[in-house]
Amino acid sequence: MTSAGWSIAACLVVGAVLTGVSSQAFLAVCGDALRTPRGLLEAKPDRYILPKSASYSVSSEGGNYAVDYKFRAVGNDEVTLKFSLPKSTVDERIGKFGFDKAVMGPMSATPENIRKRQAAVEAGYFRIDGDQIKPAFRRMIRDERDILTPIVTLGNREMGSKTTIRDRAAFWLAFCQSIPYGIPPYQDEARMYGGLMPPTGTLRMGWGDCDCKGTLFATLMSHYDGAKVIAVNVPGHFLIGVKGVGQPGDDTVEFEGEEYVLCEPVGVARFPFGKKSQLSQNILSMRRIVPYTD
């Protein structure tokens, strides 16, 4: 499930009133997933699927989350990565993700109210874009990338002499595909999450869906000089494009005059780098997310 954006009446000014989005309006966009509010840190997600030949466990050890992850990389080689995530930082990131439902309520369209609404949305890694609220992927990547540096170091060691952008992308694609699949909640009683988690949330929980894994993949790729990554939204789905590493037979797309090779970080099917699924035929929008600076 993609969290490309919600259409919001909150950005439509009628007279002096800025109309807020009701839960009914969200239901019209997102369907039944919104009818059962649950916290972002529920023990199990919707539609949990553990890929074959993979195992993923998270334990709390002192001040860290310790992750033990086994998956099949390129060439079907088994890889084991054991890494730690600082518990206080990860909990803080997850805790600030999303935005209070109250900011979507009706309010007078004063400059101060508009500023407060925008600040509240942006604080939770979302952004207001015209008449939609969308994830702020670049800000997530900027803030999350340093915490993933030890994981990238471990992956680079596994890759050895395979140092091209394509080699890196293929490895991290397999890494993301084998993380168990599950759909995060859209909301709890107080906050909206849009079916998304930040990269540290995906690693902490040990599951994620297309946009969760796509954002994680882009954050890992942001560590490599010269890497360019775009987010590609299609109906009900989200995939990734990586610039300039195409080979004959690859599925590609042009963005701002440059060729990007498409890939599917979500899993559970392990599409090889350069191949898109049947879900990814009709592109709705594309947006650069790496480099993460404007």
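1. Aromatic pairs. The count comes to 11 aromatic pairs. Rings of Phe, Tyr and Trp (its six-membered ring) pair if their centres lie within 6.5 Å. Planes under 30 degrees apart are called stacked, those over 60 edge-to-face, and the rest tilted. A pair of aromatic rings is described by the distance of the centres and the angle of the planes. This is a predicted model, in which local features need pLDDT of at least 70 and side-chain atom pairs count only at pLDDT 80 or more, while totals for chains, interfaces and linings use all residues. Residues are numbered from 1 along each chain as its sequence is written, and side-chain values use heavy atoms, with hydrogens and water left out.

2. F71 and F175. How far apart are the ring centres of F71 and F175? The distance is 5.7 Å. The planes stand at 90 degrees, so the pair is edge-to-face. This pair links distant parts of the chain, 104 residues apart. F71 sits in strand β6 (residues 64–72), and F175 sits in helix α6 (residues 165–177). Helices (H or I, at least four residues) and strands (E, at least two) are DSSP runs, numbered from the N terminus. F71 is buried, at 0% relative accessibility. F175 is buried as well, with a relative accessible area of 0%. Buried means under 20% relative accessible area, exposed means over 50%, and partly exposed lies in between (1.4 Å probe, protein chains only).

3. F137 and F238. The ring centres of F137 and F238 are 5.3 Å apart. Their planes are at 45 degrees, so the pair is tilted. F137 belongs to helix α4 and F238 to strand β15 (residues 237–243), 101 residues apart in the chain. F137 is buried at 7% relative accessible area. F238 is buried at 2%.

4. The aromatic cluster. Which residues form one aromatic cluster? They are Y56, Y69, F71, F171, W172 and F175. Look for F171, W172 and F175 again in the helix contacts below.

5. α4 against α8. Two packed helices are described by the angle between their axes and the distance between the axes. Helix α4 (residues 137–144) and helix α8 (residues 210–221) pack at about 50 degrees, with axes 9 Å apart. Axes are lines fitted to C-alpha atoms, for helices over the stretch in contact, and angles run from 0 to 180 degrees between N-to-C directions. α4 and α8 are therefore oblique to each other. Under 35 degrees counts as roughly parallel, over 145 as roughly antiparallel, 65 to 115 as roughly perpendicular, and the rest as oblique. The crossing of α4 and α8 is right-handed. A crossing is right-handed if the near helix is turned clockwise from the far one by less than a right angle, and left-handed if anticlockwise. F137, M140, I141 and E144 of α4 meet T215, A218 and T219 of α8. Contact means heavy atoms within 4.5 Å. By class, these residues are four nonpolar, two polar and one charged. Ala, Val, Leu, Ile, Met, Phe, Trp, Tyr, Cys and Pro count as nonpolar, Asp, Glu, Lys and Arg as charged, and the others, Gly among them, as polar.

6. α6 against α8. The axes of α6 and α8 come within 10 Å and cross at roughly 145 degrees. This crossing is right-handed. Residues of α6 in the contact include I165, W172 and F175, and those of α8 include L216, F217 and M221. The contact of α6 with α8 has 10 nonpolar, one polar and two charged residues.

7. α5 against α6. Helix α5 (residues 149–159) and α6 have axes that come within 11 Å and cross at roughly 115 degrees. The crossing of α5 and α6 is right-handed. I151, V152, G155, N156, E158 and M159 of α5 meet D167, R168, F171, W172 and F175 of α6. By class, that makes six nonpolar, two polar and three charged residues.

8. Backbone points to check. Most residues other than glycine have a negative phi, and most peptide bonds are trans. N76, in the loop between β6 and β7, has a positive phi near 65 degrees. D77 lies in that loop too and is partly exposed at 46%. E256 has a positive phi near 50 degrees and is exposed at 66%. The peptide bond from G267 to V268 is cis, with omega near 0 degrees. The bond from V290 to P291 is also cis, and P291 is in the segment after β18.
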